[in-house]
Amino acid sequence: MSKTGEEKIIHLPPTITVRDLSEHLEASPIEVIKTLMTNGVMANINQEIDFDTAAIVAAELGFEAAPEAVQEAAEAEGVDLPLWRQWIAREPAEALRPRPPVVGILGHVDHGKTTLLDAIRHADVAAGEAGGITQHIGAYQVTHNNRPITFIDTPGHAAFTAMRARGAQGADIVVLVIAADDGVMPQTREAIAHARAAQVPIIVALNKIDRPNANPERVKQQLAEIGLVPDDWDGDTLVVPISAKEGTGLDDLLEAILLVADNANILANPNGKIFGTVIEATQERGRGPVATLLVQNGTLKIGHVVVAGLAQGRIKAMFDHKNNRIEEALPSTPVSVMGLDEIPSAGELFRVVKSTKKARAIVERRRQETSRSGVPEHQGMTLEQLFARVQEGEAQELRLIVKADVQGSVEPITTALKELETEKIGINILHADAGSITENDVMLASTSDAIIIGFNVSPDSAAKRLAEREGVSIRSYNIIYRLTEDIEKALKGMLEPEKREVIIGRANILAVFQASKIGKAAGCRVTEGEIRRNARVRVLRGGESIFEGEIASLKRHQEDVREVRNGFECGIGFKGFNDFQEGDVIECFTIEEVKLF
C-alpha cells in the first residue's frame, strides 16, 4: 500500500477472495462482508470477487483501489504462483528492486549437499551432523563477485520430504546435487518433481567428479531421459561438474546461479509490505521460541509485530546467519528472531501487522476457523474448481502422481493417462515411480494440488493420516482400464462425489433431567468444537455408539439456540432416543460431499 498525500492507494488483482481483501484493507472479514451486503453482493469469506467490486469496498473503507502490477511472464504462461510470489506481484511495479537469489539445495541422501554448502561458506557443518545427514533446514548467505546469494539447505533423507518440499517452495532457483558415481536415484526424481511443482529453474551440480568411478556422461544421459537435457547437449539445463570435497568447480556453480538469476527477474519491494517464509523454528532454553525467517519482501526490523500461522509476537532480537545481532533484514535475508509467543510451523508464511492487538485478533480468528471447519485449510484442486477456470478461458491441467507395484507398469499407465488429454484440460504427471504410496508422495501432492493414483499399491498408515490432514485425494486401482475410465469420467465431470463424515464437536453428558415436550434431556458441557442444532449426532458409551440420529432440541439457559461452542453448557434432546445417561459422550458431525479428484 502506498500513500499519495492523504489518499491511501491499494493495489489489487483482477479477482480476489474476501479473506485476502480484508487483509489488504487491514479490516476484519466480517466488516468486508457487511460492506458487500450493503452494496447488494452476497459473498462468503472464501469467495472471489472481481476488481470493480473490491474497489467499491475499498472506497467505502477509505482506500483507492488500483490494478496491481502482475508479473508478465507468469501471466502469459498461466502459472499458478506460490502465495508469497503473488503478494510480491501485487507491489507497485515502479517500487520493485532486484534482490539476491534464494537457492534451494536438493538431491538424494549422501550425494553431498551439506558438503557442498560447507565448501561454499568455508564452515564445517557436515562434521557436526548426526551420521553426516542434515537434520534441519538451515538458511545461509554468501557473497560471490560482490553479489549476495542465499542458500536454503534442505535435508535429503526420505523422512524429511516435507521440509524438502518447503525448501523448493521458498526458492527462486534449485541446485540439484547428483553424485557422478551414483547417478539419478529415486529421491533425485522426487526432488526434481518438487522443483517443477514449485516452478523454479534447476541447475545440476554434478558432484564427486574426482572419484575414479565417476561417469558424468551416464548421468547426463539419465538427466536427458527425465527431461533435464544438459546445456552441452543443446539443452537448457546447466550441468556444472564439481567436487565439493576437493573444492573444484565451485566458482563455476556460483557463476551459473548468478547467470540464471539474471534471467529470472528476481525482484521485491524493500519498502513494501513485509512478509516471508518460516524456514525452521525451535524452543531454546533461556530464549524461548526462536524462528528462522526468510524475508521475501519489505524490510523486517526489531520491534515489528509478526504473525506466522498461529504464532505471533513483537520481535525483541534479530540475528543473521552468523549469529550476529542485526537491526533490520532486507529481502532474501535469512534471520533468526526472538519474541514469538509459540513455535510456528516450518513453511508458514509470516507477515508484519500494525499492533499486537491486531496480531492476536488474526491468530484468534484462525483458531476459530480451524476449530469450526474440522478440516484442513489446504485442500487439493477439485474438478469443480478446475472446470470453473476452464470456463473462464484459462487452459488448465490435472496434476497426477502415479505409483505402481512394479516399474514395468509405470510406463503403460502414464502413456494411457497422457492419451486422455483434451484441448482444454491437460494431464501433468508430476512424478511416476514404482513403490507404495508414502508421505513423500502425499507432501508433493499437497504442495502442488495433485491427485495420487495407485496401481496395485496402497498408502501406508502414515501416508493415509497425512493425506486426510492435507486434503489430498488418493485413488487405488488394480485394473488399468478402470483407472483410465475413472480419469476420463473425472475430466468430463461425470464422477459422483464421495461422502465424508466431519466431526465438528463433542460434549459430555453431566446430568439427565425431565423435559416436558421430549421426555428426557441431557445436561451437557461442550468439550471440543461446537454442537449444532442442524447437524447429526451419535451418543457414545465406553467408546461404542449406542445411538445415531438428529437433535430434537438444543437449549442454553432455557433459550433455543442454533449452536453451542466449546466450554459452554447446554441441554440436548434427541429425536426418538432417551436411553442416555451421565458419562456418555455426544459426538456432533456433518456429512460433506468430497470430489473424488
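1. Start with helix α10. Helix α10 (residues 250–264) lies across β7, β8, β9, β10 (173–179), β11 (202–207) and β12. Its direction is about 100° to β9. Axes here are lines fitted to C-alpha atoms, for helices over the stretch in contact, and angles run from 0 to 180 degrees between N-to-C directions. Helices (H or I, at least four residues) and strands (E, at least two) are DSSP runs, numbered from the N terminus.

2. A word on the model. This is a predicted model: local features need pLDDT of at least 70, side-chain atom pairs count only at pLDDT 80 or more, and totals for chains, interfaces and linings use all residues. Residues are numbered from 1 along each chain as its sequence is written, and side-chain values use heavy atoms, with hydrogens and water left out.

3. The 6 strands form an open sheet in the order β8-β9-β7-β10-β11-β12. The pairing is mixed. Strands β8 (138–144) and β12 (239–241) are the edges, each pairing on one side only. From one strand to the next, the twist averages 30°. Two strands pair if DSSP finds at least two bridges between them.

4. Strands β7 (residues 102–107) and β9 (residues 147–153) run parallel and are joined by 4 bridges. Ile-105 stands opposite Asp-153 in β9.

5. What does α6 pack against? Helix α6 (residues 113–121) packs with α10 at about 95°, their axes 11 Å apart. That angle makes α6 roughly perpendicular to α10 (65 to 115 degrees; under 35 counts as roughly parallel, over 145 as roughly antiparallel, the rest as oblique). From α6 come Leu-116, Ala-119 and Ile-120; from α10 come Leu-250, Leu-253 and Leu-254. Contact means heavy atoms within 4.5 Å. By class, this contact has 6 nonpolar, no polar and no charged residues. Ala, Val, Leu, Ile, Met, Phe, Trp, Tyr, Cys and Pro count as nonpolar, Asp, Glu, Lys and Arg as charged, and the others, Gly among them, as polar. An α-helix has 3.6 residues a turn, so residues three or four places apart point the same way.

6. Helices α8 (residues 186–197) and α14 (residues 439–448) pack at about 10°, with axes 10 Å apart. The two are therefore roughly parallel to each other. Glu-190, Ala-193, His-194 and Ala-197 of α8 meet Asn-440, Leu-444, Thr-447 and Ser-448 of α14. This contact divides into 3 nonpolar, 4 polar and 1 charged.

7. Is α14 enclosed or open? Helix α14 is largely enclosed by the rest of the structure, because 8 of its 10 residues are buried. Buried means under 20% relative accessible area, exposed over 50%, partly exposed in between (1.4 Å probe, protein chains only). The buried residues are Asn-440, Asp-441, Val-442, Met-443, Leu-444, Ala-445, Ser-446 and Ser-448. Just after α14, Asp-449 takes a positive phi of about 55°.

8. Gly-235 sits in the loop between α9 (216–225) and β12. At 24% relative accessibility, Gly-235 is partly exposed. Leaving aside neighbours within four places in sequence, Gly-235 is in contact with Val-229 and Pro-230. Gly-235 and Ala-224 are 11 residues apart in sequence, with C-alpha atoms 8.5 Å apart.

9. Thr-237, in the loop between α9 and β12. Thr-237 is buried, at a relative accessible area of 4%. Leaving aside neighbours within four places in sequence, Thr-237 is in contact with Ile-202, Val-204, Leu-228, Val-229, Pro-230 and Asp-231.

10. Where is Ala-329? Ala-329 is in strand β19 (residues 328–329). Ala-329 is buried, with a relative accessible area of 1%. Not counting residues up to four places away in sequence, Ala-329 touches Val-295, Gly-298, Thr-299, Leu-300, Met-318 and Val-335. Gln-296 is 33 residues from Ala-329 along the chain, and their C-alpha atoms are separated by 9.9 Å.

11. The whole protein. There are 16 helices and 33 strands. Of the 597 residues, 49% count as buried. Among contacts between residues at least 6 apart in sequence, 69% join residues at least 24 apart. The accessible surface comes to about 28,400 Å², and 47% of that belongs to carbon and sulfur atoms. Accessible areas come from the Shrake-Rupley method with a 1.4 Å probe; for residues, only the protein chains shown count as cover.
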